[in-house]
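Please work through the following exercises with the sequence and the model in view. Each one gives a task, and a solution follows step by step.

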Amino acid sequence: MDPAVWSQFIRENWLVIVIALVLLFAVINLIKTVLKWGIVIAIVAGLFIYSGVTMDQIGNAVNKVADETISTLKSEAQDVMLKEAKEAKYTSGGDGTFTITTPNLEVKGAAGNDKVEVVFRGVSLGKWSITDTTNTFIDEAKKNQ
C-alpha cells in the first residue's frame, strides 16, 4: 500500500486505467439493473488483480488500521479513567457484579474476576485484564459510592 508503488503503477498503466474508467461510466449511465453493479465490481476487481494488489494485502491493511484504532482508543480510555475517577459512580449488583459509570466510560465486572468489560463513549473495547490503572479507577469509584 506504498504510495510510490501506486504512483509507478498509474504512470505505467494510465491507458488501462482510463479505459476502465470510461467503461465504468458507460456501464453506470447506460445499464439500469443489478447487472450494472456486477459489471462495475468485475471491472474494479480486474484493476486490482491487474495491479498486483491481493485481497490478503487489502485485508492486512484493514486489520492494521483496526488494530491501531483500538489501541488508540484503549490508551485514550485509560487516560479518561484517571481523569474521571473522581466523578465515577459505583453501582453494585448484589450478586458480586458491579458497574462503574462516568460521562465517557462504563466498566462492568464481577468481584474476584481478573477482567472487566469496558465501553468508551458508546464503543465496546472488549474485556480488559485488571491493571493498576483499572484497579485505581475501581477503588476511586468505590470511595465515591
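**Exercise 1: A residue in a surface patch**

Leu15 is partly exposed, because its relative accessible area is 48% and the label covers values between buried (under 20%) and exposed (over 50%), taken with a 1.4 Å probe and protein chains only. This is a predicted model, in which local features need pLDDT of at least 70 and side-chain atom pairs count only at pLDDT 80 or more, while totals for chains, interfaces and linings use all residues. Residues are numbered from 1 along each chain as its sequence is written, and side-chain values use heavy atoms, with hydrogens and water left out.

Task: Find the helix that holds Leu15, and name the residues that make the nonpolar surface patch.

Solution: Begin with helix H2, residues 14–30, where Leu15 is found; helices are DSSP runs of H or I with at least four residues, strands are E runs of at least two, and both are numbered from the N terminus. A patch takes residues with over 30% relative accessible area and no salt bridge, joining nonpolar side chains (Val, Leu, Ile, Met, Phe, Trp, Tyr) within 5 Å and like charges within 9 Å. The areas come from the Shrake-Rupley method with a 1.4 Å probe, and for residues only the protein chains shown count as cover.

**Exercise 2: Salt bridges**

Task: How many salt bridges are there, if one is a side-chain nitrogen of Lys or Arg within 4 Å of a carboxyl oxygen of Asp or Glu?

Solution: The count comes to 2 salt bridges. Take Glu76 and Arg121, whose closest N and O atoms are 2.7 Å apart. This pair links distant parts of the chain, 45 residues apart, with Glu76 in helix H4 (residues 55–84) and Arg121 in the loop between strand S4 (115–120) and strand S5 (123–129). Then take Glu140 and Lys86, which meet at 3.7 Å, N to O. Glu140 lies in helix H5 (residues 132–143) and Lys86 in the loop between H4 and strand S1 (89–92), so this bridge ties together parts 54 residues apart in sequence. Finally, compare the accessibility of the two partners: Glu140 is buried at 17%, whereas Lys86 is exposed at 65%.

**Exercise 3: An aromatic pair**

Task: Is the pair of Tyr90 and Phe98 stacked or edge-to-face?

Solution: Rings of Phe, Tyr and Trp (its six-membered ring) pair if their centres lie within 6.5 Å, and planes under 30 degrees apart count as stacked, over 60 as edge-to-face and the rest as tilted. The structure holds 1 aromatic pair. Tyr90 and Phe98 are 5.6 Å apart, centre to centre, with 15° between the planes, and the pair is stacked.
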